[in-house]
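Visitor: Could you take me through one part of this model in detail, with the cut-offs spelled out as you go?

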Amino acid sequence: MTEPSPAAASQVPEARLATMHDGRRIAVRQAGSGVPVVLLHGFPLDHSMWDGQWGLVAPGGWLDGVARLIVPDLAGFGGSDGPTSSSIAAMADEVVAMLDAIECREPVVACGLSMGGYVVQHLAVRHPARLCGLVLVDTKLEADTPEARAGRVDLSERVGRLGAGLAAEAMVPRLLARGPGPDRRSIEARLRGTIERTAVATIQTALEALGDRPDMTAAAARFSLPTLLVVGAEDMITPPECLERAAALIRRAQLETIPGCGHMTPMEDPAAFNARLASFLGERVVTASPERPREAP
Ligand code: MLT
């Protein structure tokens, strides 16, 4: 594998608007060729958290000719129309509707960070025939505790009164690893900007969906696809123990813990994250996957 060049890494494709069957338009960025890999952002972010992954499919990148990256903004986030889907299960259905809209019918690797990881879990349950691999990044299987849910209700109420800046203030300090880190300031500024641009209604609907999401522990014990789990060693929101529990449950799981990263591993250390993703795809997905389940006709 060769290193992606820094110039290639900075090229973010233009978004195309894909119209789903319900009329909502989803902003989708795509590049590369090969197995489709859908990257799903966390809350309350957008496609730009994956800007450090495009170099993977640029000429000479680790996944050049191996993978096609598909990076949407979930409905209501980034450049996509609202309204935001009102449950994590509905977000999973939305991802499939987006794939239909861009005429991607072959099985995809679904990769999601945190909220995006919850969506991946629901995709695995609801649409297994559309998948050939799972990547769960800085996420968890368990539902919210009553305290966590109450915290979301409180945040939603404050965002309603004071605006999206309040969500940025509450969240950004907890997203990154402690310590200076080479790019910490610019990553913080990017995250803050993204959150401040997110509509209040989107934040509130997503908070409700997050708080209502079911526990996926029993479902995950039945996942049969090759699965990569990635976590930042200093993740304060979904700490490594969450992913360790998931790795112990999921049959074909491989866990990678990345030192020096918090909750935003693909942004905090893109080289380390990209290397794990590229090895997983090359060694466990692009080779045949005999245990891939089929949806009943
Ligand atoms: C995220 O990063 O998507 C959120 O922190 C998820 C959550 O709050 O559970």
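Guide: Happy to. Let's start at the ligand: one of its oxygen atoms is 2.9 Å from an N or O atom in the side chain of Ser114, a polar contact, meaning a pair of N or O atoms within 3.5 Å. A backbone N or O atom of Met115 lies 2.8 Å from a ligand oxygen, and the side chain of Tyr118 brings an N or O atom to 2.6 Å from an oxygen of the ligand. The protein covers 93% of the 270 Å² of accessible area that the ligand has on its own (Shrake-Rupley method, 1.4 Å probe).

A word on the basis: this is a predicted model, where local features need pLDDT of at least 70 and side-chain atom pairs count only at pLDDT 80 or more, while totals for chains, interfaces and linings use all residues. Residues are numbered from 1 along each chain as its sequence is written, and side-chain values use heavy atoms, leaving out hydrogens and water.

Now to strand S5, residues 108-113 (strands are DSSP E runs of at least two residues, helices H or I runs of at least four, numbered from the N terminus). Six of its six residues are buried, that is, under 20% relative accessible area with a 1.4 Å probe, protein chains only. Val108, Ala110 and Gly112 lie on one side, and Val109, Cys111 and Leu113 on the other. In a regular strand, side chains alternate between the two faces of the sheet.

S5 runs parallel to strand S3 (residues 35-40), joined by four bridges; strands pair if DSSP finds at least two bridges between them. Val38 stands opposite Ala110. With S6 (residues 131-137), S5 pairs in the parallel sense over six bridges.

Terms used: Buried means under 20% relative accessible area, exposed over 50%, partly exposed in between (1.4 Å probe, protein chains only). A polar contact is a pair of N or O atoms within 3.5 Å; within protein, one must be able to donate a hydrogen and the other to accept it, and residues adjacent in sequence count only if both atoms are side-chain atoms.
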